[in-house]
Each structure stands twice: as C-alpha cells, then as structure tokens.
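This report describes a model of two protein chains, beginning with the contact between them and moving on to selected local features. Please look at the sequence and the structure first.

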Amino acid sequence: MATSFEYAPAPESRGVVDIASSYGLFIDGDFVDGSGGSFKTISPASEEVLADIAEATEADVDLAVRAARRAYTRVWSRLSGRERGKYLFRIARILQERAREFAVLESLDNGKPIKESRDTDIPLAAAISSSITRAGRTNSATHSPVRPTRSRWVSPGR
Amino acid sequence: MIPWNFPLLMLAWKIAPALATGNTVVLKPAETTPLTALLFAQVCQQADLPPGVVNIVTGAGETGRAVVSHPGVNKVAFTGSTEVGRLIARAVAGTDKKVTLELGGKAANIVFDDAPVDQAVEGIVNGIFFNQGHVCCAGSRLLVQESVADEVLARLKRRMRTLRVGDPLDKNTDIGAINSREQLDKIRALSEIGEQEGSERWSAPCELPTRGFWFAPTIFTGVTQAHRIAREEIFGPVLSVLTFRTPKEAVEKANNTPFGLSAGIWSDKGSRILWMADQLRAGVVWANTFNKFDPTSPFGGYKESGYGREGGRHGLEGYLR
C-alpha cells in the first residue's frame with residue numbers, strides 16, 4: 001500500500017495580509033461603527049481570534065438599504081451598461097492584483113487549503129467580475145440586446 | 001446573503017451580475033467568514049465605486065432577517081442551506097421581491113465499469129474532498145457499478161491515504177480545517193448515525209492537529225438509500241458509497257433524493273453519458289470530470305436545491321424585471 005510522502009512544510013506567508021483588530025460596517029462608501037454589539041471571527045485551523053466584527057442591527061441594515069437606494073436612484077441606474085462595466089472590470093483587475101492577499105486571508109478565515117483559495121476561489125471571483133462585464137454591456141443604450149425578447153432588460157429597482 | 005464555504009467567490013457571484021444590470025447591493029457575509037468581504041469593501045473604495053453602490057453588513061441570522069424583510073429591498077439572492085432557504089422563501093412570500101435560492105445538494109457521482117478507474121478515483125476525491133466537502137454540489141454519493149466496486153474502492157482508499165490534512169496555509173495541504181465547531185459537530189453526528197444504521201466506516205489514517213476543527217476524509221460502504229447519510233447533506237469530507245447493476249438502476253438511485261443540484265458520470269461510452277445526462281434531475285451534470293466551474297455557464301438546482309440560475313447570461317435574469 002502506498003504511504004504518505006514526507007513533505008517539508010511549505011507555508012505561505014501571512015505577511016501579505018494586514019488584519020485590523022476590529023471592523024465596522026461598510027455603508028455608503030465608508031466604514032462606520034454599527035449600533036449593535038460585535039462578534040469574533042476565528043481561524044478554524046487554530047481557533048485563534050482574527051478580528052472583532054460589528055454585528056449589524058435592524059437600524060444599521062436600514063441605513064445600508066437607504067444608501068443603496070440613493071446610489072441606485074442618483075448614480076448607478078443612470079449609468080450605461082458600458083460605464084458600469086468599466087467599474088466591474090476595474091474591480092476584477094484589483095482582485096487579480098491583490099489575489100495573494102485575498103487567498104491568504106480566505107484560507108485564514110475559512111480554513112480551506114491555500115492551493116484552493118489561490119487557484120480556484122480568487123481567480124474565479126475575478127473571472128466572474130470580468131466576464132459579467134461583457135454580458136452586462138448588452139444592457140446598454142448603445143448596444144441592442146442579443147435577443148429582442150429581452151428588451152425588457154432593465155434593473156428591478158423602482 | 002452568502003455562505004461561508006466560498007466567501008469571496010460567492011460575493012463575486014452575487015455582486016457582479018447585480019452591478020452589471022444596474023442594481024445596488026446590500027451584502028451580508030456569513031458570520032464565520034466576513035474578512036474577505038471586508039477587504040473587498042476596500043477594493044470598492046480603491047476602484048472609486050460610487051458610495052452606496054455596494055454596502056456590507058456583517059452579522060448572523062438576525063442581521064440576515066433584517067436584510068430580507070426590509071421593505072426597500074427588491075431582490076434577495078441567497079446561497080446557503082435548504083433550511084434557511086425555506087425561511088427566506090416564507091419571509092418574502094406575498095411581497096413583490098424577487099428571489100433566487102441556491103441551496104443544498106446530495107449529488108451522485110456515478111462510475112460505470114468502462115470508466116478509466118484512476119481518472120474516476122481522482123474525480124471522486126475531487127468531488128467529495130475538495131474544500132473539505134463544504135460544497136453544495138459535492139459528489140457526496142458514490143454510485144459505483146457492482147462489477148468494479150471492489151477495484152474502485154481499493155484504489156480510492158489507496159489514494160485517500162496520500163491526502164495531506166493540516167495547515168491551510170501550507171501549499172502542500174490537500175484538506176484544511178472544518179469551518180466551524182458547529183459544522184464539525186454536525187459532521188460527527190451524521191457519521192455516528194451512519195455507523196449506527198449499519199454502514200461500515202473507513203477513515204484515511206492521518207494525524208490531525210490538536211487545536212482547531214478537523215475531520216479525517218471518510219467513506220461509508222454498505223450504504224442503502226434509506227440511510228440518513230445517503231439522504232441528508234453532510235457538508236463535510238464524508239462519502240457514502242452505493243452500488244448499482246444497470247444504468248436504469250443508477251438513474252433511479254441518483255434521482256432518489258430531495259435535492260437536484262449536480263451529478264457526475266464516469267464512462268467511456270458517449271451515448272450512455274448523453275442518455276444518463278438526459279435522465280438525471282440535476283442542474284449541472286459533469287461527464288468524466290467533477291466540480292468544474294465556468295463563470296459564463298449557468299448554475300442552479302432542481303427540487304430542494306433551490307430555484308433560479310446564477311452565472312452567465314442566465315444569471316443576469318434574476319437581477320432584472
């Protein structure tokens with residue numbers, strides 16, 4: 001029977017991530033303190049506490065939904081699909097640039113092997129953002145939808 | 001509302017189609033894995049995304065409830081357990097909110113006697129042990145044709161002995177930690193039930209770290225369709241092995257589940273693969289591979305695995321009206 005090969009440890013450096021001791025909520029473009037308590041997120045591989053995380057209350061959620069509605073009405077829904085695509089593509093590029101940081105952080109917080117976060121999770125997340133950019137561009141005043149029956153392609157907001 | 005098994009990937013899976021179609025987002029990450037979402041918030045700032053287009057509220061069930069029931073929300077996209085999916089479906093019933101639910105699974109990975117055995121064994125391992133089995137489309141039921149069952153199982157066990165379980169940050173690690181104590185307890189409980197119900201348990205011999213949450217890769221043989229480990233989603237590195245004799249029996253057993261998210265077929269015969277794929281009630285059917293994802297291809301389930309499709313052009317539909 002095959003036995004397990006001996007491998008020398010090959011740890012990925014934690015040095016690429018900078019974890020704050022506590023995090024607030026991300027509302028309307030800024031990190032804000034929540035109005036409720038907090039909880040701890042740990043590394044499941046060591047039970048080490050990684051950070052203190054704000055627990056959003058109903059009032060916090062209400063602020064977030066209002067911020068989203070304002071951004072929808074005033075800015076985001078007024079942009080063409082092509083313009084929105086530029087932002088998504090930019091996000092995809094930053095995800096790629098910071099892929100190692102994301103992979104290490106994901107493995108720390110989630111417990112999954114670094115080779116999976118590095119080779120699957122993060123590259124796919126970036127790929128979705130850039131591929132959807134192309135799909136989303138058809139939802140633009142300057143592009144006619146591929147299928148005429150889909151001319152109702154507008155977002156569900158009011 | 002996204003789960004803890006693929007935190008950043010699920011975030012992208014929701015946020016990208018929502019933003020592309022002109023929506024703005026309130027995202028709630030899972031309470032055990034909020035950090036990459038919070039780093040993503042910094043990326044939104046770095047990309048000069050207009051304020052309010054993406055908002056991230058961390059928290060547990062109560063926070064999720066507040067998001068789902070908020071009257072200002074037009075669409076709820078959820079990936080997670082079937083149990084919570086039901087709560088969400090109830091919460092939005094009678095409102096004009098759109099919902100997509102991507103829920104649990106109990107996928108059959110079907111190995112025929114003409115399959116290339118080594119490739120199939122790799123596919124079985126990838127199907128159930130990828131991401132510690134914390135995968136909604138994991139191949140958690142192995143259906144192997146009776147005539148090759150002994151050989152496949154022997155080679156599977158040999159392969160499992162070489163899996164390295166341990167430090168997630170080690171580049172040689174194959175299987176990392178179970179995401180939470182709660183999930184570990186659930187995996188242990190269902191495994192014990194498997195033994196009590198008469199299945200034979202085999203775990204790969206491996207040294208597990210003393211701190212943290214760990215579970216050795218495990219298979220159960222002698223499993224029948226009535227056993228709970230063949231019916232319920234374990235969401236861990238635990239494989240239930242069943243056998244079949246004819247393709248028809250394989251289809252019946254594969255479809256005998258309340259779920260219908262994914263399935264795998266291993267065979268050299270193309271016509272049989274196509275026939276099987278047609279019969280299987282699963283949103284994704286892989287042939288001679290498993291757990292392959294393409295962002296341009298739609299993904300989603302039948303039955304209790306949820307409704308709506310995510311990914312590709314189909315995935316935009318849920319965000320439009």
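This is a predicted model: local features need pLDDT of at least 70, side-chain atom pairs count only at pLDDT 80 or more; totals for chains, interfaces and linings use all residues.

Residues are numbered from 1 along each chain as its sequence is written, chains are lettered from A and ligands numbered from 1 in the order in which they are written, and side-chain values use heavy atoms, with hydrogens and water left out.

**The interface**

On the side of chain A that touches chain B, the elements that give two or more residues are strands E2 (25-27), E3 (30-32), E4 (38-42) and E5 (49-54) together with helices H1 (58-74), H2 (81-97), H3 (99-110) and H4 (114-136) of chain A; here helices (H or I, at least four residues) and strands (E, at least two) are DSSP runs numbered from the N terminus. The largest share of this side, 16 residues, comes from H4(A). By residue class, the side of chain A that touches chain B divides into 53 nonpolar, 18 polar and 23 charged residues, with Ala, Val, Leu, Ile, Met, Phe, Trp, Tyr, Cys and Pro counted as nonpolar, Asp, Glu, Lys and Arg as charged, and the others, Gly among them, as polar.

In terms of contacts (heavy atoms within 4.5 Å), 94 residues of chain A meet 89 residues of chain B. The area buried between the two chains is about 8400 Å², of which carbon and sulfur atoms give 63%; this is the accessible area (1.4 Å probe) that two parts lose on being put together, summed over both.

**Salt bridges**

A salt bridge is taken as a side-chain nitrogen of Lys or Arg within 4 Å of a carboxyl oxygen of Asp or Glu. The table gives some examples.

| Side-chain pair | N to O distance |
|---|---|
| Asp174(B) and Lys115(A) | 2.5 Å |
| Arg164(B) and Asp174(B) | 3.8 Å |
| Asp62(A) and Arg66(A) | 2.8 Å |
| Glu232(B) and Arg228(B) | 2.6 Å |

Salt bridges that share partners join Lys115(A), Arg164(B) and Asp174(B) into one network. Asp174(B), at 12% relative accessibility, counts as buried, the classes being buried under 20% relative accessible area, exposed over 50% and partly exposed in between (1.4 Å probe, protein chains only).

Within chain A, Asp62(A) and Arg66(A) both lie in helix H1, 4 residues apart, about one turn of the helix. Asp62(A) is partly exposed at a relative accessible area of 23%, and Arg66(A) is likewise partly exposed at 49%. In the other pair, Glu232(B) is partly exposed at 29% relative accessibility, as is Arg228(B) at 35%.

Ser240(B) belongs to strand E9 (residues 238-244) of chain B and is buried, with a relative accessible area of 0%. Its side chain reaches the backbone oxygen of Ile229(B) at 2.8 Å. Leaving aside residues up to four places away in sequence, Ser240(B) touches several residues, among them Ser140(B), Arg141(B), Phe220(B) and Ile229(B).

Elsewhere in chain B, 3 strands form an open sheet in the order E3-E4-E12 with mixed pairing, two strands being paired if DSSP finds at least two bridges between them. The edge strands, each pairing on one side only, are E3 (75-79) and E12 (306-307) of chain B. Strand E3(B) runs parallel to strand E4 (residues 98-102) of chain B, and 5 bridges join them; Val76(B) has Val99(B) in E4(B) as its bridge partner.

**Chain A as a whole**

The secondary structure of chain A comes to 4 helices and 5 strands, which follow the pattern β-β-β-β-β-α-α-α-α along the sequence. Of its 158 residues, 47% count as buried.

Terms used:
A polar contact is a pair of N or O atoms within 3.5 Å; within protein, one must be able to donate a hydrogen and the other to accept it, and residues adjacent in sequence count only if both atoms are side-chain atoms.
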